[in-house]
Amino acid sequence: MTDASQNAGPMLAADGTPLKQSLARSLRRQKLRALLLIAPLLLFVLFSFIIPIASMLFRSVENGIVEKTLPLTVVALETWDEKSGELPDEAVYDAFVRDMIVAVSEKKHTRLGSRLNYEEPGISSLFRKTGRKIRKWDPEADAPFKEKLIDAEKGWGDVENWRVIKTHSRNVTPGYFLAAVDLRLTPDGVAAQPEEKQILVKLFGRTLFMSLIITGSCILLAYPVSYLLATLPMRVSNLLMILVLLPFWTSLLVRTSAWKVMLQQQGVINETLVWLGLVADDARLVIINNQIGTIVAMTHILLPFMILPMYSVMQTIPQSYTRAAKSMGATNWTTFWRIYFPQSIPGIGAGSILVFILAIGYYITPEIVGGTKGVFISNRIAYHISSSLNWGLAAALGTILLAVVMLLYWCYDKIVGIDNVKLG
Amino acid sequence: MKVTKSTLLASAVAAIAGGAMAEEMTIVSWGGAYSKSQLKAYHEPYTELTGVTILNDDSSPEGVAKLRAMNEAGNVTWDVVDLEAADNIRACDEGLIIEIDPDVHLAPAPDGTPASEDFGDQLVSPCYIPTIVYSTTFGYRTDMVPEGVEPPTGACDVFDLEKYPGKRALNKRPIANMEWALLCDGVAYEDVYDTLETEEGVERALAKLDTIKDQTIWWSAAAEPVQLLADGEIFMGSTYNGRLFSMIVEQNQPVGMAWDWQMFDLDGWAIPAGLSPEREARALDYIRFSSDTQRLADQAKYISYGPARKSSAPLVDKHADLGIDMAPHMPTDPRNAKNTFVNNYEWWADYRDDLDAQFQAWLSQ
Amino acid sequence: MSNDAAFVEFQRVQKSYDGEVLVVKDLNLSLPKGEFLTMLGPSGSGKTTCLMMLAGFETATHGEIMLDGRPINNIPPHKRGIGMVFQNYALFPHMTVAENLSFPLEVRKMGKDQREEKVKRALDMVQMGAFGSRRPAQLSGGQQQRIALARALVFEPELVLMDEPLGALDKQLREHMQFEITRLAHELGITTVYVTHDQTEALTMSDRVAVFDDGRIQQLAPPDLLYEEPENSFVAQFIGENNTLEGVVKSIDGDSCVVTLDDGSEIDAKPVNVHNAGERTKVSIRPERVEFNKDRLHADAHTLKATVKEFIYMGDVFRFRLSVAGNDDFIIKTRNAPDAVKLHPGQEVEIGWLAQDCRALDA
């Protein structure tokens, strides 16, 4: 077959159909079967992982509640110049009262109040009180409303409240993300959160910093253990491995509480030190309810996640490398540092990624032993999920955490190369 | 959360079968001794009376969050939820629980006083059926009081490091702590919330707390200060009075109570929105039963929390097991209630998030 | 050779790992400078242990190992200055070829220029000059082998140890490398201790071969002697193809003896380690020394009746399997010459041999 005829058309199978098509047909059955085999996992991942993450991303910017609850008001406010410093005109008040009467009958006004309260403290009770008073008003008979409403609740005579409603009336809001990095969306644009309320950036920083320290101390502690595990005879190393895995069989809460007993001022460590005379009775060490407590407990809890990948990588490093290096005249240290260590890096990398990513999202342990300075951003996320119900902010914080992890993962890939990561 | 598989299954089946499974309901509470007191005082008599089986779920600490999640998913599996007042206001604002008309849905007092009057000020939210009055107050180690010094009597002693050296434990949130700080810094009782609404007021409260900050362990679960007191880790700490009662009376720990300026708080029932009419009717029936004058008085036999009805107070009896008189251990007892502080729920509903951000930022400094 | 000239010497060396079994039993071995010595033996015979003791990775349980007249038992491996090539090459995967070669020079604190020059020379020596910047994983097995060899030689050690270095290569490459290694070893005048279980390799490469079995050296000899004059039946069996017949010595007459095989027939043999009539013996005869053309045998030579079982055509040689004196695996080889006789299965022939080709060994 000449080049020309090859270029002229696709390769044909014996029956005249294009070869690609006939190949695809013969493979279709196989693909279908493969798809069926992974379908349960695929569905599971979809429902338990992808959909929740997508819904978190959505929730972090979603803000339909204002327009849904106050549809007329949002339209009416469009023509109002919020920078004028003057109250909106009667049209806005009229629209607002009509919206509110509907909202009160559907009991939606308080929900909107709690939403706007994130932006302007005090607005929640304004909506609640207004709702109680407006209930019996008639949109036709009782008009006009401007003075009446201000009479009923003087908050509606405050330009600031109207500016808040207008600023946050869009369906999609950057507000939660801004709040997550200690900024806020004001009617005058993006501004910094007042200094005394700036906490989240600091918490992010602390979470990253402490996770790094925890990862670092895990590396230091795990390396010699993994080396032993990888080089000792099978019988001994199996026993050691059981000791390493033992903590896995104990509940996380129990392990963390055990650290409490160990570290507190009347705890085992302090008692021992005082008994040995190393520490004065009235100068007991403060090693819990602060960053030290979190670092110690989390290092212990996450250690197996460092040891296992390190061990499985070290196990694959043949003895002949170190022997070869020594035969060439390298001392024990040179052999370790130039030959063994570089080859164990994939294990360190895999363990570090694992430990760091686990650490950055840890919640229970910092909550119990972290006091006030040893808590992580996830504790704040938990607070917004279960106590303040500010799920939008929680979602934004979670999204940022996810982005940070992915960014670090990407950096790692650029610097070390992700194919250098081995779990065994 | 201690929901057994069968509980989950049962509630799932109940949700599917709806009215057909009218013999079961899921009641959510806080667990521990508190749930036990409810079981004895409310659940058991109710089951005896009606044959309805009651399933317990200890999810109240995440109650509002779970109510919201169930509400969004359109699948409410709870019938009655025990919430503290502040959470109740939130859930009510969010439309997650239904409004109750006390005079329609709740039993009047035995003398015929309507429920709204019998509960009085305790009805802090239109969705609320309060059952107990409890207080956040201070316990201290009697064996750690310095020699020749009077034992502490109240909240303000926590700020006096000179007289009472040693570690303290306080709740890791602004509620109660901010009020105590201002009160003990000389702000008049009636001005506390007005002061707290200003920036200077918040600063003043935090400045007062600053004086004991490095001596304070901040707790997030009420069991923590109890454990810290038991271990001798702290000299004094705030927690719920019922927990201190069981430490002192049931476990005989060397702990005393410092009642002055105890912070009154409420706990009680709520009914989730979105129940089928049958389930809602049954939940209302249960609530009518479990909030009547006798039932509220009965609960005090098992735990030292005061009944939320005025008419229950005279009926408070002796401890069910120990046989001691419960009245002196009640936060509402005149000897304990010389100076009390009533939480302003409305105010906190507005300013909680804002102050919490400031409080947490202050804590992390 | 005298002890003074010995460059490497094992003196009564024993080795045990578990304190119960001796892996190496009473090893005595000395080799002069420049010799290419191969340790040959089945796996578990102790040859690799000996190599590792020489390299310093294992310590002798008893006895002394001397290098250039000095005892080295207490010298750590990195101070012994011995080059080593490993079975799996042990090229450092995280370094380029040039870095691999440069490593032994670096640890000797050699200057950069000198290092580069030596690395280049070593690479050229193994015809790998163009591969300096590659990673080991990018090389074929043969190329990795050359690099491993170059790396063991680059710091100019006087002694090089090789632990089955060609085991992973295919046949053609292996033969080529055998030649390369011996050429280099002789050109550079290095003393080489080479461990293998492949007898062809041992025979083609070595000056002398030490055949190991059961923790002992069974025979230490140049390849030709080893093949032609095995001293015991293990060596005879292990080296090359071999036919064995069992029987009893009937009579010994100086350099020849008569052996009565178990089926009653008699053969001529050379007594090697049998000394008295009546001893049991295994006689060993190489397939190419068996003759079935009666004209080429002594007139009074004993012959045996044999039945051809199989004919195998192997190109350069013909190979026949015969049934002889109850042994069904008796092999004969003849060269594929123009006048070669082809035997056919079923054919009956008479076979015989020269007495000196048939060695009566230990039973």
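Tutor: Most residues other than glycine have a negative phi, and most peptide bonds are trans. The model is a predicted one, in which local features need a pLDDT of at least 70 and side-chain atom pairs count only at pLDDT 80 or more, while totals for chains, interfaces and linings use all residues. Residues are numbered from 1 along each chain as its sequence is written, and chains are lettered from A and ligands numbered from 1 in the order in which they are written.

H11(B) itself covers residues 241-250, and Asn241(B), Gly242(B), Arg243(B), Leu244(B), Phe245(B) and Met247(B) in this helix are buried. A residue is buried if 20 or more other C-beta atoms, placed from the backbone, lie within 10 Å of its own, exposed if 12 or fewer do, and partly exposed in between. Helices (H or I, at least four residues) and strands (E, at least two) are DSSP runs, numbered from the N terminus. The cover over the buried residues of H11(B) includes helix H2 (32-50), strand S4 (129-141), helix H10 (223-231), strand S7 (236-240) and strand S8 (255-270) of chain B.

One of these covering elements, S8(B), holds Trp261(B). Trp261(B) is not a glycine, yet has a positive phi of about 60°. It has 24 other C-beta atoms within 10 Å and is therefore buried. Ala176(B), also not a glycine, has a positive phi of about 75°. Its place is the loop between strand S5 (168-171) and H7 of chain B. Ala176(B) counts as buried because it has 22 C-beta neighbours inside 10 Å.

From H7(B), Asn177(B), Met178(B), Ala181(B), Leu182(B) and Cys184(B) meet Gly201(B), Arg204(B), Ala205(B), Lys208(B) and Leu209(B) in H9(B). By class, the residues of this contact are six nonpolar, two polar and two charged. Here Ala, Val, Leu, Ile, Met, Phe, Trp, Tyr, Cys and Pro count as nonpolar, Asp, Glu, Lys and Arg as charged, and the others, Gly among them, as polar.

Let us now step back to the whole chain. Chain B contains 14 helices and 10 strands, and buried residues make up 52% of its 365 residues. The C-alpha trace spans about 65 × 45 × 40 Å along its principal axes. Chain B has a radius of gyration of 21 Å, which agrees with the value near 21 Å for a compact globule of 365 residues; the radius is taken over C-alpha atoms, and the globule rule is 2.2 Å times the number of residues to the power 0.38. Of the contacts in chain B with a separation of 6 or more, 73% join residues 24 or more positions apart. Two residues are in contact if their C-beta atoms, placed from the backbone, lie within 7 Å.

Finally, consider the neighbouring chains. Chain B puts 28 residues in contact with 31 residues of chain A. On that side of chain B, H14(B) gives the most, with 12 residues. The side of chain B that touches chain A has 10 nonpolar, six polar and 12 charged residues. Chain B does not touch chain C, and their nearest C-alpha atoms are 45 Å apart. Chain A also meets chain C, in a contact that takes 19 residues from chain C and 15 from chain A. Among the two pairs of chains that touch, A and B have the most contacts.
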